[in-house]
Amino acid sequence: MIDANKYAPTFRSACAALKGEAYCSPTVVQALMAVSRHETCFSDSKPFVGAHNYGAIQCGVVADKAGKCPANCIPARDTSPTATGASIAYLGCFRAKPSAEEGIADFVRLMTFQRPLIAEALPSGDARQIAWAMRRSYYFEGFGKTQEERVENYATAIAKNAK
């Protein structure tokens, strides 16, 4: 069972350090945690265990032919959608951080500082608004035949994980 409460102080602290206390309302922290839980179960699901990657954040390269990734990255399967709604799997490289604090800070920085559209949507607490901002910021590709389906599927996941 995932104990989200144990992660809340670290998410709150990372958010406040980057965006200030006023921005980091309980709604913002809950939204950040909902995305993290959806993406990697707070880095407690394979292959992210021990990698401290709280948002399935990629390194920007795919694994080489031997399945190896650059330093500070781990190989993991991901998918890209096709026009038919199917997905094509590939072996991507995902960031690995030395500690939970650094991994959470990396995720929060990406969501609140490096992707301003997402930062604008988080305070709404609205899963669809957040998912659209994430899609427009190229955070996820999703699954489904259309952009709307992909965003709706992601929004449903965020809402489910926020509970």
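Author: Asp-106 is buried, at 8% relative accessible area (buried is under 20%, exposed over 50%, partly exposed in between; 1.4 Å probe, protein chains only). The model is predicted: local features need pLDDT of at least 70 and side-chain atom pairs pLDDT 80 or more, while totals for chains, interfaces and linings use all residues. Residues are numbered from 1 along each chain as its sequence is written, and side-chain values use heavy atoms, without hydrogens and water.

Asp-106 forms a salt bridge with Arg-95, at 2.8 Å from N to O (a Lys or Arg side-chain nitrogen within 4 Å of an Asp or Glu carboxyl oxygen). This pair joins distant parts of the chain, with Asp-106 in helix H3 and Arg-95 in strand E3 (residues 87–95), 11 residues apart (DSSP runs numbered from the N terminus: helices H or I, at least four residues; strands E, at least two). Arg-95 is partly exposed at 24%.

Asp-106 also has a salt bridge with Arg-109, where the closest N and O atoms are 3.7 Å apart. Both residues sit in helix H3, three residues apart, about one turn of the helix. Arg-109 is partly exposed at 29%.

The structure has three salt bridges. Another of them pairs the side chains of Arg-128 and Glu-152, at 2.8 Å from N to O. Arg-128 is partly exposed at 49%, and Glu-152 is partly exposed at 30%.
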